[in-house]
Amino acid sequence: MFNGLGRALAFAWAWRRGATGLREEETEVLREDGAVPATLFRPDPLNSPLPGWVVLHGITRPGRHHPTLLRFVRALAGSGAVVLVPEIPEWRALHLAPERALGTLRGAILSLAGRRETAPGRIGAMGFSFGVSAVLAAASDPSLAKHLGGVAGFGGHCDLERTVRFLFLGEHEWKGRTYLGDPDPYGRWVVGGNYLDQVPGFGEATDVAEALLELAREAGDLQVGAWEGHLDPLKERLLLQVHPSRRELFRALAPPAGERTPRELSEILSPALSLTARETTPLFEPSGYVGRITVPVRLMHGKEDRLIPFSESLRLRDAFPPGADVQVYLTGLFAHSQRHRGKGAAELGEQLRFLRVMTHMLGMF
């Protein structure tokens with residue numbers, strides 16, 4: 001516990017003040033189809049082997065170069081760790097490709113385990129959003145068991161159909177209580193862009209799927225909120241590239257800022273898209289493999305998350321068998337789409353809770 005607290009305090013200092021005394025180097029990670037680039041962060045000088053972390057970037061255009069991610073991994077290295085951040089090219093192109101992500105993570109864990117800077121058996125894997133499924137799948141892999149000391153996830157999901165439904169309707173449920181939110185359309189565009197033309201009855205909607213991905217790419221390239229009006233002119237231009245018979249569908253999935261996808265279409269597409277995605281790979285449903293995880297698991301979720309609702313991390317915790325070392329922390333500080341900015345005592349309270357979370361995460365091994 002005290003070891004974790006020291007690391008958490010060092011993380012908090014580096015997060016707030018900026019990490020210093022680090023060495024960053026470009027390297028590669030091998031996966032089944034070849035090598036992908038990666039960045040290694042470590043304290044410099046390094047006098048003895050340290051715990052290691054593999055951190056997966058999210059499904060974003062900047063990938064491992066995302067400014068917030070860089071700030072996070074530098075603070076993580078500043079806590080006294082060797083941190084490896086591999087590139088997942090598919091995710092930068094906004095293709096979900098869970099098998100490729102898992103292959104990348106496997107390669108990164110083995111790469112980090114083979115480095116002299118890393119203490120044997122003291123490696124963690126950390127993922128964000130859909131990356132949480134990848135780190136949980138890695139933790140369930142017996143061939144990686146001797147290397148992993150624990151895994152952590154931020155904003156993951158348990159039930160894909162519930163998650164996709166939230167992306168369309170902003171509704172989620174926990175323990176009989178229904179919550180309503182304003183979903184970030186970015187997630188709907190990414191899921192629709194990946195699977196819409198594979199849904200029965202929508203096979204000719206490839207142009208709509210590509211237009212949705214182009215919207216998400218533009219939001220990522222400009223680093224603007226997908227819910228903002230900046231993208232409305234692009235929606236009108238993309239509409240002209242869609243076949244006239246499918247323009248109503250595109251407009252429904254990408255309406256002007258402030259409007260929602262019609263409920264009737266949402267009720268049709270959200271279960272159909274999730275079923276289509278699940279049929280491509282079992283990795284989209286973590287409940288199928290979390291029972292094989294034997295290392296500590298720490299999950300964190302923003303209370304106001306607009307892409308994946310907080311109830312999914314709670315549901316994920318309950319999917320583990322009794323006795324599993326898994327903990328969930330809800331916070332008001334961070335979410336997928338924005339950082340919550342509280343005031344006064346509320347903000348201080350959230351910061352202290354976050355420090356406690358990082359103490360538990362960094363003290364796992």
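Ala12 is partly exposed, because its relative accessible area is 34%. Find it in helix H1, residues 2-17. Now look across to Glu87. Ala12 and Glu87 are 75 residues apart in sequence. In space, their C-alpha atoms are 26 Å apart. Keep in mind that this is a predicted model.

Let's zoom in on S6, residues 148-154. Is S6 enclosed or open? Seven of its seven residues are buried, so S6 is largely enclosed by the rest of the structure. S6 runs parallel to S5, residues 118-128, and six bridges join the two. Take one example: Gly127 has Gly153 of S6 as its bridge partner. S6 is also joined to S9, residues 297-302, by four bridges. That pair is parallel too. There, Phe154 stands opposite Met300 in S9.

On to helices packing with helices. Two packed helices are described by the angle between their axes and the distance between the axes. Start with H7, residues 185-195, and H8, residues 206-222. They pack at an angle of about 140°, and their axes are 8 Å apart. Angles over 145 degrees would count as roughly antiparallel. H7 and H8 are therefore oblique to each other. Their crossing is left-handed. Who makes the contact? From H7 come Tyr186, Trp189, Val190, Gly192, Gly193 and Asn194. From H8 come Ala209, Leu212, Leu213, Leu215, Ala216 and Ala219. By class, that is nine nonpolar residues, three polar and no charged ones.

Stay with H7 for a moment. How many of its residues are buried? The count is 11 of 11, and H7 is mostly covered. The buried residues include Arg188, Trp189 and Tyr195. What do the buried residues of H7 pack against? Their partners are H6, H8, H9, H10 and H11.

Two of those partners, H6 and H11, also meet each other. H6 covers residues 160-169, and H11 covers residues 263-280. Their axes come within 9 Å and cross at roughly 145°. This crossing is right-handed. On the H6 side, the contact includes Leu160, Glu161, Val164 and Arg165. On the H11 side, look for Arg263, Glu267, Leu269 and Leu273, among others. The contact divides into eight nonpolar, three polar and five charged residues. Compare the H7 and H8 contact, which has no charged residues.

Now some loops. Arg246 lies in the loop between H9 and H10. Is Arg246 buried or exposed? It counts as buried, because its relative accessibility is 17% and the cut-off is under 20%. Leave out residues up to four places away in sequence, and Arg246 touches Glu204, Ala205, Asp207 and Val208.

Last, the backbone. Most residues other than glycine have a negative phi, and most peptide bonds are trans. This model has some departures to point out.

The peptide bond joining Asp44 and Pro45 is cis, with omega about 10°. Pro45 is in the loop between S2 and S3.

Ala97 is not a glycine, yet its phi is positive, about 40°. Look for Ala97 in the loop between H3 and H4. Ala97 counts as partly exposed, because its relative accessibility is 23%.

Gln223 is another non-glycine with a positive phi, about 55°. It lies in the loop between H8 and H9. At 45% relative accessibility, Gln223 counts as partly exposed.

That's the tour. Over to you for questions.

Terms used
Residues are numbered from 1 along each chain as its sequence is written. This is a predicted model: local features need pLDDT of at least 70, side-chain atom pairs count only at pLDDT 80 or more; totals for chains, interfaces and linings use all residues. Side-chain values use heavy atoms; hydrogens and water are left out. Axes are lines fitted to C-alpha atoms, for helices over the stretch in contact, and angles run from 0 to 180 degrees between N-to-C directions. Angles under 35 degrees count as roughly parallel, over 145 as roughly antiparallel, 65 to 115 as roughly perpendicular and the rest as oblique. A crossing is left-handed if the near helix is turned anticlockwise from the far one by less than a right angle, and right-handed if clockwise. Contact means heavy atoms within 4.5 Å. Ala, Val, Leu, Ile, Met, Phe, Trp, Tyr, Cys and Pro count as nonpolar, Asp, Glu, Lys and Arg as charged, and the others, Gly among them, as polar. Buried means under 20% relative accessible area, exposed over 50%, partly exposed in between (1.4 Å probe, protein chains only). Two strands pair if DSSP finds at least two bridges between them.
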